[in-house]
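Subject: Handing over the structure

Hi,

Here is the structure I promised to pass on to you. Could you open it alongside this email and follow along?

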Amino acid sequence: MATSPARRTLQPRPETAQRREEILRAAIATFAAKGYKGPLSDIAEQVGMTHAGVLHYFGSKSALLLEVLKFRDDEDVEDLPTRHIPGGADLFRHLVKTAFLNARRAGIVQAFTVLSSEAVTDGHPARNFFEERYANLRAEVADAFRTMCADEGVDAPATVDRAAASILAVMDGLQIQWLLDPTAIELGEATEFAIEAIVAQVLSPRRTPLSSAPAVDGTMIALDVRTSDE
């Protein structure tokens, strides 16, 4: 019995893929400068097309937005063999490498920062994207911490989830400072310092000046700023 030929995945023609990338890069510039409310006509003008022409390639403005965000994430891993962030210690090296790369692509960083900030509002088309993105990243960073602890022969502390959230927060916060004044912040170096400090505290927790505070009589008291109902 003759078998039917295997179904092949259709790939866009090279000129179509190139045109889509041109639109995506124009959208990055527009969203970076004006946020999601930036008009499609601005994007269309940059690539010599009409409003309808842009929609022909992406269907809707919200679909274009999500493609911009996916395009940005894909660029971060395009040089990796698996096209996915690694695990263990290599994950933290990848995050540092990404920070140094971001220092050379302010437009993409600005677009991501603007859109992620806007996405906290109700009904924003990218809200689900960012919620899922941060949830997945926190889980992957926490797993990397557990892998590193196992490799170092230490028990993973209960603080790995907090540490994972802190690393992502530090990276995003440093990007905001750098975008506001690139001369004041060395994005790659500052990110590397913060990640190394957090990793060190997870692998080998040490008391710090914040662990205790001097009392009036010179003795040390625990520094606890939590509210009584926690």
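The largest cavity holds about 40 Å³ of space. A cavity here is a set of points on a 1 Å grid over the protein atoms alone where a 1.4 Å probe fits but cannot get out, and its volume is the space filled by probe spheres set on the points, which are joined across faces, edges and corners. Please keep in mind that this is a predicted model, in which local features need pLDDT of at least 70, side-chain atom pairs count only at pLDDT 80 or more, and totals for chains, interfaces and linings use all residues. Residues are numbered from 1 along each chain as its sequence is written, and side-chain values use heavy atoms, with hydrogens and water left out.

Searching the whole structure gives 1 cavity of 30 Å³ or more. The largest cavity is lined (an atom within 4 Å of a point) by Ile28, Val68, Leu69, Arg72, Ile108, Ala111, Phe112 and Leu115. Helix 6 gives the largest share of this lining, 4 residues; helices are DSSP runs of H or I with at least four residues, numbered from the N terminus. By class, the lining has 7 nonpolar, no polar and 1 charged residues, where Ala, Val, Leu, Ile, Met, Phe, Trp, Tyr, Cys and Pro are nonpolar, Asp, Glu, Lys and Arg charged, and the others, Gly among them, polar.

Next, the largest pocket (an open set of points with protein on both sides within 12 Å along at least five of seven lines). Its volume is about 590 Å³. Of the 25 residues lining the largest pocket, Asp73, Asp76, Ile85, Arg133 and Leu137 lie nearest its centre. Helix 7 supplies the largest share, 7 residues, and the lining of the largest pocket has 9 nonpolar, 6 polar and 10 charged residues.

Finally, have a look at helix 6 (residues 106-118) and helix 8 (residues 160-180), which pack at an angle of about 120° with their axes 10 Å apart. Axes are lines fitted to C-alpha atoms over the stretch in contact, and angles run from 0 to 180 degrees between N-to-C directions. Helix 6 and helix 8 are therefore oblique to each other, the term for angles that are not under 35 degrees (roughly parallel), over 145 (roughly antiparallel) or 65 to 115 (roughly perpendicular). Their contact (heavy atoms within 4.5 Å) involves Ala106, Val109, Gln110, Phe112 and Thr113 of helix 6 and Asp172, Gln175, Ile176, Trp178 and Leu179 of helix 8.

Happy exploring!

Conventions
Helix = DSSP H or I, 4+ residues; strand = E, 2+ residues; numbered from the N terminus.
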